[in-house]
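Hi,

Here is the structure I promised to send over. Have a look, and my notes follow below.

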Amino acid sequence: MKAFITGASGRIGKLLTADLVKRGVNVIAASRHPEAVSASDKVFPVEFDLKAPAKTMVYSLKDADAVYFVAGSRGKDLLQVDAFGAVSLMKACELAGIKRFIMLSSFDATKPEVWQDNPDFASLADYYVAKYFADEWLIHNTDLNYTILQASYLSEEPGTGLIQVNPPAMGQNALEDVAQTLAECMDMPATYKKVITMCQGQTPIEEALLMA
């Protein structure tokens, strides 16, 4: 199988690439900075612009079986990258005939009643609006076999391989566990057409996803 990862040079992107390679998956590692990705016989770095039109993005997707969106502008270009860049990538998948789309999002991004006008989210309001727009577009305006993984607070702590899906409140997520969960989703039909929130827990990742 072959996966296309946009945001492959980021923290999650690098871990996800490594996880997929361990599973025997070839990776097209797309990034604004492909030089930051280590090439191998399984990893093929490509320069990729999320501000490009969908019809241009198609050429980079090649014969991918699944497409991951784990990119982000870190607050610098939320509209063009985090929101519309994600939508353009979805459109490119549809143009290329690729059905599987897996997107990393943020906890409860599709529930504005949780974060809108909430002072605890004030500094992240624009980020959440961008994520809401991208998530909602994927759900309601595409026919893709999507999985939206909405993670809680990210941590540099070592992963445990144990998570909780759809928890009642936000919690910590080890970067390694988020990447492993994304990788596990790739060819798991049980996760299709689902929005899944996650945090650290007591259940092995594969088992937890089957219950999502």
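Which residues lie nearest the centre of the largest pocket? They are Val70, Ala71, Gly72, Arg74 and Tyr127, out of a lining of 40 residues. (A pocket is an open set of points on a 1 Å grid over the protein atoms alone where a 1.4 Å probe fits, with protein on both sides within 12 Å along at least five of seven lines; lining residues have an atom within 4 Å of a point.) About 1100 Å³ of space lies in this pocket, counted as the space filled by probe spheres set on the points, which are joined across faces, edges and corners.

Before you go further: this is a predicted model, where local features need pLDDT of at least 70, side-chain atom pairs count only at pLDDT 80 or more, and totals for chains, interfaces and linings use all residues. Residues are numbered from 1 along each chain as its sequence is written, and side-chain values use heavy atoms, with hydrogens and water left out.

Now the charges. The whole structure has seven salt bridges (a side-chain nitrogen of Lys or Arg within 4 Å of a carboxyl oxygen of Asp or Glu). In one of them, Lys51 pairs with Asp77, with the closest N and O atoms 2.6 Å apart. Lys99 and Asp143 form another, at 3.2 Å from N to O, and Lys193 joins these two in a network. Asp108 bridges to Lys111 at 3.9 Å; Asp108 counts as buried at 13% relative accessibility, while Lys111 is partly exposed at 40% (buried is under 20% relative accessible area, exposed over 50%, partly exposed in between, with a 1.4 Å probe and protein chains only).

Cheers
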